[in-house]
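Let's take a walk through a protein model together. Have the sequence and the 3D view ready, and follow along helix by helix.

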Amino acid sequence: MRAKESKASKSAFLEETKQLGSDLLTSRSHVNNAPVLLSTLSNVKHPSPPRAEALRSLQAFFVSLLRAGKLESGARSVEAAKDGEEPEAVYRMWVWSKYQEFRKTVFRIITEESASVLRVEALNTWMDLVRDEKPGEFNNTLYIKLCEATVRWKGSTNEILQLLIKKYSKYCDVRYYTYANLEMLISKRLRKNEKVDAAVSSDEDEDNRTGVRLHAFSRNAYELLSSLPTLSNDEQKSGDDVYELWTHGQDEDRNATLLGEKGGKRKDRASSSKTKQSKPTSPKKQKAAFSKAWLAFLRLALPLDTYKKVLGRLHRQVIPHMNNPILLSDFLTQSYDVGGLISVMALSSLFILITGHGLEYPDFYNKLYALLEPSIFVAKHRSRFFELLDSCLKSSHLPAYLAAAFAKRLGRLVLSAPPSGSIVVIALIHNILRRHPSVNCLVHRDSSQATTIAAVKDGANGEGITDSTVAKKVPEEKSDKAVDGKLGVDPFRADETDTAKCDALQSSLWEIETLRRHYCPAVSRFVESLETDLTVRAKTTEMSISDFSSTSYATIFNEEVGRRLKAVPLAFYHSVPSTLFAENSFEGWTFGDVDVTPMRAIEDTKTSIMEVNKEMINAEEVSDEDENGDQEEGGNEDDEVEENKDSMDDLDSDRDSDDSAGSRSRSEQSEGEDWPGPLKRFRNG
């Protein structure tokens, strides 16, 4: 009964709220309904439907006044009062105060309310105020408050961001002012935090002055920046203004619903305004705002998860839309120096700056050389890394020692790489040998020659002789140094980080030879591609690393299963076998359930006789004093040995008879029932 009464009271309260809103929009005489509706809207104890109805009625009331130019600030109303329009001025001042209270209530609902339906209504109302408060202009004073609330959101799911991006990010002016506001908010934040220098900091950093965690601020700012759509390449090249603006767009159906009026004429300044805003519509201004916002964001202290997302996004969705991408060089070089996965992820963007925008980074190849570790074969972005590595080594102007260092480093990695990694390494070395004929000496070199070169260089280090003179000294000192050098010693220095000092040119690619006996057939077959003369470019082609960089155990297995073999070893059977072994597979053996008690008794007897014989032999060796007596005793002992042999033969014959009797009894028993016990085996004699 109480539930029905409560439901009836809620329904009556909703109808009353609708009536108050309708009266407010119908006549100015019901203007006192506005405070009642404001009270309903601000009271969190009321249910959502009446509050949403009050919000829509108040929005229609205030927006109609804004568009008609009848709602002005308090300062203008005071000036009007001095001019003799005191009653009207007092009314406008009162309406303006209620409008200010309405704005505060709407913003509080956006940032604090838990009801999602009411928050959506409040956000739509706020964006309508951004458009209509200053007819024909974008009211950034209101919009920057919404942007600040978005980046300061503390919840796990940023609902404001989702609502903002879903409906309003397609408008050019909304995107432009979002970029501008983000730059302003981030710069303000950096000034308060005194420009945090660390690129990646711990999750314990917290801004005590504002109560908002810095990492939450950084994550929200990134989500907002990355969610905004960018201009397409066609729009950027055309240079034409983009006029899809929220300020100029009008939804007549929505306005008619909000106003709730059947007639009446009013002046709509927003629709009749011919003001053109050059900043939001110009692609150049859009790119400038986009670049400033991203550069400001990259100065923040980023948490590790956001840091990785940024590095994975820069080369695809940020650099192509920036005015001057070279400004990212500081951030990318610092990231490249971190090492590990961060350096691998920064390589894509840094490579674009080097090849496409003229960035000079002298230590680039040494840093790239240091990234070649066994862990790279299990990294998340290994496919992209190997493709970039191949692109970085494509230039024919690379010195020979550099190409040899990378080839040798890759050869060492292949010793501990999985089959998928070995295939990629072979493809990379194939391309290096084809592009740089000067390093083909690594394919075959006598061990004595390599040892001599290493010995000459070691002796020349103290004399100030450089690498260029080593080759000249080799023929002169080969006879002396080759004798002192150790055969089989690789002069390559695997622990050296400088490519110019690792002595790769004095070594050989013996690691590739080991792959000929690799346990994976796909690897051992693929090594044969290096047997051709790669210096003849007309007869060879480069390998596409993208075809091998995504190889895995599954792809190798599927390829092996799908291969068509010319000759296949076959196992031929006249009939389908029903057991693992046939009965005649092991001659003299039978598999079945047998009683081993008689066999054990025979074996025990045989063991005891052998022990007696052993004792008698030992006694014969000890008693050697009387030779004549020994001969007589030897004859007796021979008789005893013959007697023992006769007894052994008797035991064997007894065992054969027992076996035959046992087999007959087992055959008779097998006709009646199965033999119990586990599977046994015995010998037939």
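In what kind of crossing does α17 pass α18? The crossing is left-handed, a word used when the near helix is turned anticlockwise from the far one by less than a right angle, with clockwise being right-handed.

Before going on, a word on what you're looking at. This is a predicted model, where local features need pLDDT of at least 70 and side-chain atom pairs count only at pLDDT 80 or more, while totals for chains, interfaces and linings use all residues. Residues are numbered from 1 along each chain as its sequence is written, and side-chain values use heavy atoms, with hydrogens and water left out.

**The overall picture**

The protein has 29 helices and two strands. Helices (H or I, at least four residues) and strands (E, at least two) are DSSP runs, numbered from the N terminus. Of the 685 residues, 41% are buried; buried means under 20% relative accessible area, exposed means over 50%, and partly exposed lies in between (1.4 Å probe, protein chains only). Contact means heavy atoms within 4.5 Å. Among contacts between residues at least 6 apart in sequence, 73% join residues at least 24 apart.

**Two helix pairs**

Two packed helices are described by the angle between their axes and the distance between the axes. Axes are lines fitted to C-alpha atoms, for helices over the stretch in contact, and angles run from 0 to 180 degrees between N-to-C directions.

| Pair | Angle | Axis distance |
|---|---|---|
| α6 (116-132) and α7 (140-151) | about 145° | 8 Å |
| α17 (329-336) and α18 | roughly 145° | within 8 Å |

α6 also passes α7 in a left-handed crossing. On the α6 side, Leu123, Trp126, Met127, Leu129 and Val130 make the contact, and they meet Leu142, Tyr143, Lys145 and Leu146 of α7. That gives eight nonpolar residues, no polar ones and one charged. For this count, Ala, Val, Leu, Ile, Met, Phe, Trp, Tyr, Cys and Pro are nonpolar, Asp, Glu, Lys and Arg are charged, and the others, Gly among them, are polar.

Back to α17 and α18: the residues of their contact split into seven nonpolar, five polar and no charged.

**Buried faces**

Which residues of helix α8 (residues 159-168) are buried? They are Ile160, Leu161, Leu164, Ile165 and Tyr168. These residues lie on the same side of α8 because they cover an arc of only 120° around the axis, where the arc is that of the directions from the helix axis to the C-beta atoms. An α-helix has 3.6 residues a turn, so residues three or four places apart point the same way. The cover over the buried residues of α8 includes α5, α6, α7, α9 and α10.

Helix α20 (residues 382-392) has its own buried set: Phe385, Phe386, Leu388, Leu389, Asp390 and Cys392. They pack against α18, α19, α21 and α22.

Tyrosine 401 is in helix α21. Is tyrosine 401 buried or partly exposed? Tyrosine 401 counts as partly exposed because its relative accessibility is 36%. Its C-alpha atom is separated by 6.1 Å from that of leucine 505, 104 residues apart along the chain.

Histidine 518 sits in the loop between α25 and α26. With a relative accessible area of 17%, histidine 518 is buried. Leaving out residues up to four places away in sequence, histidine 518 touches Pro419, Ser422, Val523 and Ser524.
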